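Subject: Structure for you to look at

Hi,

Here is the structure I promised to pass on. Have a look at it first, and then read my notes below.

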Amino acid sequence: MITLPEFPLDGLERIGAAAVLILISLIISRWREADLEKDLLIATVRSFVQLIAIGYALEFIFNLDSPLWTLTLLALMTTIAGRTAAQRGKKIPHAQWVALASIGLGSALTLGILVAVNVFTFDPQTIIPVGGMVIGNSMSVAALVMKRLANDFKEQRNLIETSLALGATSQQAARPQLRTSLQSAMIPIVDTTKTTGLIKLPGAMTGMILAGASPMEAVQIQIVVLYMIIGASAFTGLTASYLTYRQFFTPAHQLVE
Amino acid sequence: MKSPKLELKNLHIARKQHPILRGISFAVQPGEVVMLIGPSGSGKSTLLRAINRLLEPPQNSIQVDGEDITTLPVTELREKIGMVFQQVSMFPGTVAENIAHAAALRKSALPKDRIQELLEAVSLSPKFAAIQADQLSGGEAQRVALARTLATNPEILLLDEPTSALDPHATRQVEETLLRLNRERGLTLLWVSHTIEQTRRVGKRVILLNQGEIQAEGRVAEVLDPDGPYQKVLDFAAGEDIRTISS
């Protein structure tokens, strides 16, 4: 059982006291004429309202303890992630579907495997925050892959068509671009994983230690989280690159204009 | 009369409801060199792309050796009909790897002597095989691109302004190479050219495209005659391309 550390302040008082840092930032912005005061205030208020709202929503859903509600919330998160990622691939036909399917499939597969091998249990307290991490990460990966591929297919059109004209199938002709797009999506997380703990303590671990877990408990979860994000990046990246590629080639191995 | 190597029958191609080619019909005999000329935007490149099926033509509008190309496996068709692009793209790697690209696609290796033979066919010395493809000059790259296309043993070559980026010396070399391949191997050439001089030098028969239609077709001397159809197109067309041609 986790015992929470004793904090001198609680609730709104605590948030209010931390807001002194926002105040200092506002003063710096005004003093150095960075012209960020309005944005800072909006960001502060928005984050407060959004997080308090999600706090109530989570408490509500945790108390319901219903798999259907949990899945509904995950589906909603996936939909929002899909719409956001699709913004990065506007030039791709059916970008919304490509993003939604990649994020949905990548996240579902990752969470499914973690539950199947008993790393996590399917209860709302676990699966919703973990799902949030997976879906959020998949969103960035899908956006990166889609943007990169759409760009490369356009800029390297001549090279791809040269390969097609030599008798390549569309999959053969697009292989270098597919490889690069997956690399561009995977490299950041692989690098983060390599240096993890050396540069900064990762978010999940920091949160757990603050909440009173022992460092070893926190480390265990953090390792699982890193593996999970690598898995989700691979699944989502692969799906996004395949689905994006399918939008650009016809069955007769032609690159669409 | 031999049956045509390539035959187009009332070919129409449109892009976003805008017609690019409007009822193109002509035939090319085996071993013939046919030049394709016309102002920019007249549909020359689109025509070549349709024959190579980089663009999908309507059924029964293009035949190769009497067969509708939309019924043939597209990868085989493209090995049979080689295409050389105006803007040459080299794959990363050596010249030899570029020439062996099509073989590598079929998971087979191209023997060294075959690579040498292909380099020789495009008038490049054997030492080019080991050079990185991104180190080549424009003329060398264009000839390597040609060797790369010849590696699939095509029967027809579609040439999309293959010398437009080359200096006069390199242009002549590529022209001579292509005509020699035509003479020695009976390679059929459909050649989009951007200059009148080249059309006169290399072609016997010429097709003049204008606004997606065949404006004239016949012997080079007739079509390019100062009182002939080409001059009329020149008089109407406005565009950089055509002005450079007329000068």
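A residue is called buried here when its relative accessible area is under 20%. Please keep in mind that this is a predicted model.

With that cut-off in hand, let me begin with helix H1 of chain B, which covers residues 44-51. The buried residues in H1(B) are B:Lys44, B:Thr46, B:Leu47, B:Leu48, B:Arg49, B:Ala50 and B:Ile51. That makes seven of its eight residues, so the helix is largely enclosed by the rest of the structure. After H1(B) comes B:Arg53, which has a positive phi, near 60°.

Most residues other than glycine have a negative phi. A:Glu33 is not a glycine, yet its phi is positive, at about 55°. You will find A:Glu33 in the loop between helix H2 (20-31) and helix H3 (37-64) of chain A, and it is exposed, with a relative accessible area of 71%. B:Asn10, also not a glycine, has a positive phi of about 50°. B:Asn10 sits in strand S1 of chain B, residues 6-15, and is partly exposed, its relative accessible area being 47%.

Now for chain A as a whole. It is built with ten helices and zero strands, and its C-alpha trace spans about 75 × 55 × 35 Å along the principal axes. Of its 257 residues, 36% count as buried. Among contacts in chain A with a separation of 6 or more, 72% are between residues 24 or more positions apart. The chain exposes about 15,200 Å², with carbon and sulfur atoms supplying 67% of that area. As for charge, chain A carries 18 positive and 16 negative side chains, and the centres of these two sets lie 13 Å apart.

How many cavities of 30 Å³ or more does the structure hold? There is one, and the volume of the largest cavity is about 80 Å³. Residues of both chains line it, including A:Thr162, A:Ala165 and A:Leu166 from chain A, and B:Met83, B:Phe85 and B:Arg148 from chain B. Helix H7 (157-165) of chain A, strand S6 (81-84) of chain B and helix H6 (138-150) of chain B each supply at least two lining residues. H6(B) gives the most, with three.

Happy to go through any of this with you.

Best wishes

Note on methods:
Residues numbered from 1 in each chain as written. Chains lettered and ligands numbered in written order. Predicted model: local features only at pLDDT ≥ 70, side-chain atom pairs only at ≥ 80, totals over all residues. Heavy atoms only, no water. Helix = DSSP H or I, 4+ residues; strand = E, 2+ residues; numbered from the N terminus. Buried < 20%, exposed > 50% of the residue type's maximum accessible area, 1.4 Å probe, protein only. Contact = heavy atoms within 4.5 Å. Areas by Shrake-Rupley, 256 points an atom, 1.4 Å probe, with all protein chains shown as cover. Lys, Arg positive; Asp, Glu negative; His and termini not counted. Charge placed at Lys NZ, Arg CZ, Asp CG, Glu CD. 1 Å grid on protein atoms, 1.4 Å probe; cavity = no way out; pocket = protein on both sides within 12 Å on 5 of 7 lines; lining within 4 Å. Points joined across faces, edges and corners; volume = space filled by probe spheres on them.
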